Amino acid sequence: MASSNRQNHIADSGTKGYLMKVLRKLIAATCMTTGVATWAVTGYAQPTGDGQLRSQLDVDQNGLYDDSERKTLLEVLQKYSPKLQGTFDADGDGKVTIQEQEQGRHPLSMLVPRSIANSEQKIPWAIDIFPEWISTAYLQEDVAPGTVAEHSTRGIYQRNATPVVQTKLPKKPAKGSGVEFAANSGQQLMMPGHRNARWDYRWMVFTFRVDSGTGTDAETLLLDVNSGNGSSRSSPKVWYHMDKGLHVQYVGSNKNGLDKRVMVTDNVVADGKTWNVLVCGIRYGQMFASVNGVELKTESPQQPRFSSALPSNDLKSFIGDSGQGHMAWAYDSIIFGLTEPTEAMVRKMTGWAAHRLGFQENLPQSHPYRTTRPVLDKEDLPDRYVHDEEKWTAWGAKATNKSITRVNAGGSRVEPKGFQRVFYDDFRAKRLGDSTSGEGDLWLGPGFNTSVGVDAPMTTPGQKPDAYPYDEKNKKQSVSLVSAGGSNWRSSALYTVNDLGYGYTWKGPKIFRIRAMLPKTPANELAGSLFPAFWSYDPDFLFWRTANRIEVDYIELDGQSGAWLNAYSTHYHYSHVRNNNIYAKKPEGYKRYKAYGGELTEEKSKIPGGIWLWDGQYHTWEFVMDKDMTYVNITIPDGNGGEKWVEIFRTPTAPTFLQRLDLQFNYAMKARYGKPTKREDYWVDFIEVLQKTEDVQAVPEPFTARPKLSGSSTIGNTITCEPNLKGITDVRYYWFADGYPLTWGPSNTYNITAAEAGKQIRCMVKTVGALDSPEAWSDPIR
């Protein structure tokens, strides 16, 4: 049933645009008949001097690197990177598979220098140029012409799509035509559901065409991942409405229930012949989507943050609509990927799809790839930790050498210099949130690692039994072990990031401090199962699931001996993807090193009087991670009613210490050593973070100057932050009062309340839409 409203999604503006579109459609029809790739005949402007290279690297002009083209690509890249020397073509067949490319190496994007972006030769970009980021890809090249009984996939996860009803098969009429679903047919493919889609499907590229002049229903489902109603369900979901146009949805959760985010656009050519491209995902708590190069907005304002829960195991995903009245439509590619693409990368993905299918003229006039195909540049080369096992082993030898680590044990602390406070929570309020919800803006629990509690399942803040007691009078926060009845116990954990890795993190030299207390307990009453800790992850592995996981354990205390300290146990763990993970040199992980393991008795530690950790006294622990040396210090009674600092140990700084780290504290239980008989608390007075002043005052690209605040910290006044950015619009603002974290999100304003009046207000700006998400700080304002 056709409708005049549908034509709104087809119309071109201007006679010239209309004629160009007609010409392109004629060319496309010819290509479909002859089997020639569309962009091979439509043409596009090529950067000067790279035409020959382009023809060598994309011989078939389909915008993908096959094994022969990959061999040529690697030979070109070897000219620019000494880290890429060696033989890739292991079997000598004149081709290089992705398996051969990655064998025994770090991912290619870690080894290619950014200087390649400045070279005269421009390397054609394809979605699979660095295939590590492709989770699952459905490409029409992997389906033979004819009826489609199965669509095999490429990528990390092999999740082939098969017909829901074997008698209702979509078709691929010819090479280049895409997988077509006839109108009113009920043809539908089913993809296996994916519980970890919230991490593994962080973005999607979807190229499709739809005929709004067909079908009897107003609405047609195109794609539904983890179909259903709930957090992480139907995310993403894409459908087309004859009057309103294309809809894109992601679903998380917040304190009010589900957090549904939907974007709608009529910027779709719905004539059934012209291809369209959707690029969408969640970027640091905000949904983004672009259709044919035009950015979309949600129907209602987005909440400032986003998180989602792990769904049940009974999951199904669908391509197409099972109804009997849907429109005719087709897809060329459906690609799901890891990490979160920058604003520039979204434009690059759009340009790639448009040139691949020959509809680049439909992109906005201002789009950077309307006339030029994307090329390899710095956006493809993020700053990531590259593990060097030789250096790791050498560091481990020094870290376990007591002649180095305990040279000043029990002595006066080396006072840190050149640092300033950037974060200080004295727990003046109980600000805990569910880590699967977007509501929290400070401490989130219980976190994405459900094994942290060891033998005590973890509880969520706000749930019963309460494992997060708060001392309102003294302003102290605890993580605790609590009884759940009988022999059952529940544990707790708090993170500065939510389950998607969004929140507070710190990169480079830094100081972490925690002032904490374990209630006084004599040795004969101490349960051996108690295991409180203060530690960090690098959230990078939540974005790159093939990467190993960095963990730094600052203190792990042990109920088997109330004087025993485990400190700076440092891991480069197994990767999340372990089966057939060709993108990690050692997916099973590397040897762990621990800089300190021993009793804090005076005899063993040389600390005056020694320390019994369950002594009922607050101690401030300090972890100074400078560029070359790391120090661990603690406060003890000075004998005059005050406290003094002493050094426990020091160690050369491991490269992992300087990576971007979050903060976590938790209470776990190792049941085999004897369960507790009462609630066990780990009380925290404050947590503080300092960074180098030179880093706080830095102005990294794309900042043109440090962010600038206007306004004053008087009650009712609004402070505004001018980010001083060039070319980036997707930004998060972190607000602080005398270092206390107020909130964070996409708003560049903060309204002063009585609690902040007269205090120094600062803002840290995080450019999540830029490569590596650079940060810059404003000066304080009163």
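This is a predicted model: local features need pLDDT of at least 70, side-chain atom pairs count only at pLDDT 80 or more; totals for chains, interfaces and linings use all residues.

Me: How many salt bridges does the count come to here?

Reply: Side chains of opposite charge can pair when their charged atoms come close. The rule asks for a side-chain nitrogen of Lys or Arg within 4 Å of a carboxyl oxygen of Asp or Glu. By that rule, the count is 39.

Me: How many residues apart in sequence are the parts tied together by Arg154 and Asp142?

Reply: These two form a salt bridge whose closest N and O atoms are 2.7 Å apart. Arg154 sits in the loop between strands E2 and E3, while Asp142 sits in the loop between E1 and E2, so the parts their pair ties together are apart in sequence by twelve residues.

Me: Which residue forms a salt bridge with Lys378, and how far apart in sequence are the parts that the pair ties together?

Reply: The side chain of Lys378 meets that of Glu701, at 3.7 Å from N to O. Glu701 is in the loop between helix H13 and strand E34, and Lys378 is in the loop between helices H8 and H9, so the partner is Glu701 and the parts are 323 residues apart.

Me: What is the relative accessible area of Glu701?

Reply: Lys378 is partly exposed, at 38%. A residue is called exposed when its value is over 50%. Glu701 is exposed, with a relative accessible area of 61%.

Me: Where do Glu622 and Arg513 lie in the chain?

Reply: Glu622 and Arg513 form a salt bridge, with their closest N and O atoms 2.8 Å apart. The pair links distant parts of the chain, 109 residues apart: Glu622 is in strand E29 and Arg513 is in strand E24.

Me: Are Glu622 and Arg513 buried or exposed?

Reply: The cut-off for buried is under 20% relative accessible area. Glu622 has 0%, so Glu622 is buried. Arg513 has 13%, so Arg513 also counts as buried.

Me: Why do the buried residues of H9 line one face of the helix?

Reply: Helix H9 covers residues 389-399, and its buried residues are Trp392, Trp395, Gly396 and Ala399. An α-helix has 3.6 residues a turn, so residues three or four places apart point the same way. Seen down the axis of H9, the buried residues line one face because they fall within an arc of 105 degrees.

Me: Which elements do the buried residues of H9 pack against?

Reply: At the start of H9, a side-chain oxygen of Asp388 comes to within 3.1 Å of the backbone nitrogen of Glu390. As for the buried residues of H9, they pack against helix H10 and strands E27, E28 and E31.

Me: What is the radius of gyration of the protein chain?

Reply: The chain has 13 helices and 40 strands, and buried residues make up 60% of its 782 residues. For a compact globule with 782 residues, the radius of gyration would be near 28 Å, and the protein chain agrees, with 28 Å.

Methods. Residues are numbered from 1 along each chain as its sequence is written. Side-chain values use heavy atoms; hydrogens and water are left out. Buried means under 20% relative accessible area, exposed over 50%, partly exposed in between (1.4 Å probe, protein chains only). Helices (H or I, at least four residues) and strands (E, at least two) are DSSP runs, numbered from the N terminus. The arc is that of the directions from the helix axis to the C-beta atoms. Contact means heavy atoms within 4.5 Å. A polar contact is a pair of N or O atoms within 3.5 Å; within protein, one must be able to donate a hydrogen and the other to accept it, and residues adjacent in sequence count only if both atoms are side-chain atoms. The radius of gyration is taken over C-alpha atoms; the globule rule is 2.2 Å times the number of residues to the power 0.38.
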